[in-house]
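Student: Could you take me through the reading of a model with several chains, beginning with the interfaces and ending with the backbone?

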Amino acid sequence: MGAIHEKYLRMDKLPHIWCPGCGNGIIMSSFIRAIEKLGYEKDEVAAVSGIGCSGRITGYMDFNTLHTTHGRALVFATGIKMANPGLKVFVFMGDGDAAAIGGNHLIHSCRRNIDITAIIFNNHIYGMTGGQFSPTTFRNKYATTAPYGTTDPDFDLVNLCIGAGASYVARSTSYHAKMLTDLFVAGALHKGFAVIEVITHCPVNFGRRNEFDTPADMLRWQKDHAVRTAKADMVPMEEMEGKFVIGELIKKEKPEYVEEYDRLIETVRKGDAHRE
Amino acid sequence: MAKKTFMVEVNRKTCKACGICIAFCPVSVFTTDHDDKAVVDKPERCTGCRQCELLCPDYCIRVEENSNG
Amino acid sequence: MGEVKLLQGNEACVFGALAAGVRFFAGYPITPSTEIANIFARELPKIGGKFMQMEDEIASIGAVIGASCTGMKAITATSGPGFSLMQENIGFAAEAEIPCVIINVMRFGPSTGLPTHPSQADFMQSRWGTHGDHPVIVIAPYTAREAYRETGRAVNFSEKYRVPVIILMDEILGHLRERVEFKEEDIVKEVNRKGPEAGVPFFPYEHTDDWIPPFANFGSGYRCHITGLIHDRTGFPTNNPEIVDQVMRRMNGKIDKHIDEICRISTVDVEDAEIVIVAFGSVARSAAEVVRIMRSMGKKIGLIRPVTLWPFPDREIKKAAEGKKAIIVPEMNLGQMVREVIRTIEGETPVHPLNRIDGELITPRDIIDFIEEME
């Protein structure tokens with residue numbers, strides 16, 4: 001336990017409920033390091049989460065925290081940001097939240113480009129309900145609802161978000177904990193909607209059914225399959241098969257939603273607005 | 001200049017015995033006890049890379065540089 | 001006051017909400033409530049408020065609750081299918097005790113039903129739509145004037161009691177345009193939620209004397225945790241049976257504790273009436289006309305009109321129905337409010353349902369024919 005944990009976590013709520021070796025604890029640690037680097041006051045941070053293992057993160061962090069309904073964290077966060085743009089708003093979602101039940105909110109948040117940083121804990125499984133496959137579970141993996149292996153194809157969340165018009169998309173893993181902190185910082189500083197997908201591991205409900213004996217084995221898999229953006233272009237296509245790129249994948253300027261609406265208010269109040 | 005040395009501590013109470021620190025320590029500072037929890041075995045080997053601290057999901061590890069260098 | 005306006009029911013809701021301090025609207029287009037979104041889109045930026053058109057109704061109510069967490073007064077409007085979609089998050093607002101107002105302009109269902117035809121079949125859904133025991137207040141105006149005033153009252157109740165409040169309109173009331181003469185009693189006074197008290201230890205779900213915990217807005221320096229999990233007075237989850245029982249009883253009981261302020265009925269010629277009609281919303285307009293016509297014919301007819309539908313005004317209705325020959329409950333559904341009336345009266349007076357489910361309004365003629373046949 002470092003001083004940083006004591007500063008940003010609700011110490012009386014620890015130990016957390018996550019299983020031994022779970023990636024969620026690593027990501028939370030990387031996140032509070034990012035807040036420290038950003039120098040944000042705890043009072044000005046709003047953390048919003050959905051439902052599932054990842055959703056529990058808001059209970060442990062000493063910010064303004066909102067643990068919402070399954071898949072809906074983004075829309076609650078959107079209301080918060082619109083109503084109080086001074087707040088630094090972070091959203092925490094699992095792959096069930098972001099890619100399944102709340103997929104519509106994810107793509108529309110990308111389109112809208114509101115200044116929120118969304119962090120997706122992608123562990124490729126529904127952990128809390130006991131290991132059902134999710135829209136990001138790879139093909140031919142085992143899950144409690146896929147006892148013979150999955151036949152469903154999986155989503156690539158990064159490409160989904162880029163396709164939906166996101167202005168900042170990055171990906172990393174729970175193994176690359178330092179890089180995660182850097183990406184959280186970059187995402188927060190980006191003016192607009194920033195998505196950071198964290199490839200993480202669920203040792204109990206994914207690992208055990210899919211030939212990973214230990215949490216460390218899963219982290220090693222992440223290390224071996226992640227290719228940094230700088231290298232990705234130099235790696236031959238056939239070698240990228242089954243691997244994924246980590247780092248900043250898109251970063252572009254796009255009008256930010258709250259600023260645009262504030263501009264509209266100004267125009268309307270001056271009586272300059274054009275009406276049909 | 002004397003070589004930097006580090007103090008490594010594991011909080012046994014909060015350790016969930018996941019084995020991540022043991023697996024990723026490049027210089028094998030840790031071993032396990034009868035409950036498979038991490039124990040600091042060879043602190044003198046520690047190079048201060050803090051990989052264990054970064055990857056511990058339960059914030060049980062503290063690495064501090066010794067000031068008596 | 002004394003101001004005269006030509007107002008549509010939907011339009012009146014918007015101005016009532018604005019008068020009560022609403023500065024945030026999020027919604028999704030749906031007939032027959034869409035005018036509410038249109039007018040908020042036009043009016044909110046003029047006063048520095050924010051309007052959002054979301055991707056669906058689930059997102060709309062979510063954004064409303066989020067905005068409310070920061071202290072901004074927030075509202076949404078929808079109709080049947082959208083109201084169904086909102087139910088899970090309405091439950092969240094009830095459980096987390098976050099003020100918000102939902103206007104449901106009822107249309108004919110189930111499913112897509114008859115989108116441009118009126119109905120009153122969401123009477124039960126408005127009370128029991130979300131899962132689990134939960135508090136909610138439902139108010140049903142019957143004129144454009146009342147839509148203005150009652151939407152204001154709804155916003156104030158949601159702030160004061162930290163509860164979702166539903167304005168139950170119907171297609172006729174939403175779309176009709178009528179002359180409204182505002183009087184002194186129509187002035188909407190702003191009520192704000194109670195905040196933490198300086199110098200007193202703050203618990204976001206404290207069991208206070210009035211059973212309404214103070215609310216610390218996001219960003220105000222209290223860093224609360226808000227969750228839909230059952231939580232103790234600190235706001236953090238608990239499954240301790242004793243505490244769960246206590247918090248559930250407080251959360252649900254807080255409405256009954258203030259029932260005198262919340263419940264409102266309106267009566268016409270009930271005192272000497274032999275037959276009393278109990279009706280709400282646009283059907284109550286027909287019923288009022290029936291009272292006028294039949295009184296002129298020398299028949300002793302009266303009207304009880306619940307304005308607050310939930311909590312159901314048991315006491316007021318029981319008292320008004322005492323010693324009457326018969327009670328008639330006309331509704332544009334297969335009989336929903338009539339169950340509440342029967343429960344309230346406990347067999348003392350015969351209760352007759354009058355139902356229409358053809359997508360048309362129950363007319364004064366329908367009610368008069370029914371009464372004449374009954375006699």
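The dialogue below goes from chain contacts to salt bridges, helix packing and backbone geometry.

Student: What kind of model is this, and which chains share the most contacts?

Tutor: This is a predicted model, and of the 2 pairs of chains in contact, it is chains A and C that share the most contacts. On the C side 38 residues take part, and they touch 41 residues of chain A. The area buried between these two chains is about 3300 Å², with carbon and sulfur atoms giving 60% of that area.

Student: How many residues of chain B are in contact with chain A, and which residues supply the buried area there?

Tutor: Here 15 residues of chain B are in contact with 27 residues of chain A, and the area buried between chain B and chain A is about 1800 Å², of which 62% comes from carbon and sulfur atoms. Of the area that chain B buries against chain A, 41% is supplied by B:Lys16, B:Leu54 and B:Tyr59, more than any other three residues give. Chain B and chain C, by contrast, are joined by no contact, and their closest C-alpha atoms lie 20 Å apart.

Student: How many salt bridges does the rule find across each interface?

Tutor: Begin with the general idea, which is that side chains of opposite charge can pair when their charged atoms come close. Across the interface of chain C and chain A the rule finds 4 salt bridges, whereas across the interface of chain B and chain A it finds 0. In one salt bridge the side chain of C:Arg223 meets that of A:Asp43, with an N to O distance of 2.8 Å. Over all chains the count by this rule comes to 55 salt bridges.

Student: Which parts of the chain does the salt bridge of A:Glu259 with A:Lys191 link?

Tutor: The closest N and O atoms of A:Glu259 and A:Lys191 are 3.6 Å apart. This pair links distant parts of the chain, since A:Glu259 is in helix H13 (residues 257-270) of chain A, while A:Lys191 is in the loop between helix H8 (177-189) and strand S6 (194-199), 68 residues apart.

Student: At what angle do helices H3 and H4 of chain C pack, and which residues make the contact?

Tutor: Helix H3 (residues 57-69) and helix H4 (residues 80-96) of chain C pack at about 30 degrees, their axes being 8 Å apart. Angles under 35 degrees count as roughly parallel, and H3(C) and H4(C) are therefore roughly parallel to each other. The contact includes C:Ile58, C:Ile61 and C:Ile65 of H3(C), together with C:Leu85, C:Met86 and C:Phe92 of H4(C); its residues divide into 8 nonpolar, 4 polar and 1 charged.

Student: How do the axes of H10 and H13 of chain C cross?

Tutor: The axes of helix H10 (residues 281-296) and helix H13 (residues 364-374) of chain C come within 8 Å and cross at roughly 55 degrees, so the two helices are oblique to each other. Their crossing is right-handed. Among the residues making the contact are C:Val290 and C:Ile293 of H10(C) and C:Ile367 and C:Ile371 of H13(C).

Student: Where in chain C are the cis peptide bonds, and which residue has a positive phi although it is not a glycine?

Tutor: The peptide bond from C:Thr31 to C:Pro32 is cis, with omega near 0 degrees, and C:Pro32 lies in the loop between strand S2 (22-27) and helix H2 (34-43). Another cis peptide bond joins C:Trp310 and C:Pro311. The residue with a positive phi, of about 70 degrees, is C:Trp211, placed in the loop between strand S9 (177-181) and strand S10 (225-227) of chain C.

Methods:
Residues are numbered from 1 along each chain as its sequence is written. Chains are lettered from A and ligands numbered from 1 in the order in which they are written. This is a predicted model: local features need pLDDT of at least 70, side-chain atom pairs count only at pLDDT 80 or more; totals for chains, interfaces and linings use all residues. Side-chain values use heavy atoms; hydrogens and water are left out. Axes are lines fitted to C-alpha atoms, for helices over the stretch in contact, and angles run from 0 to 180 degrees between N-to-C directions. Helices (H or I, at least four residues) and strands (E, at least two) are DSSP runs, numbered from the N terminus. Angles under 35 degrees count as roughly parallel, over 145 as roughly antiparallel, 65 to 115 as roughly perpendicular and the rest as oblique. Contact means heavy atoms within 4.5 Å. Ala, Val, Leu, Ile, Met, Phe, Trp, Tyr, Cys and Pro count as nonpolar, Asp, Glu, Lys and Arg as charged, and the others, Gly among them, as polar. Buried area is the accessible area (1.4 Å probe) that two parts lose on being put together, summed over both. A crossing is left-handed if the near helix is turned anticlockwise from the far one by less than a right angle, and right-handed if clockwise.
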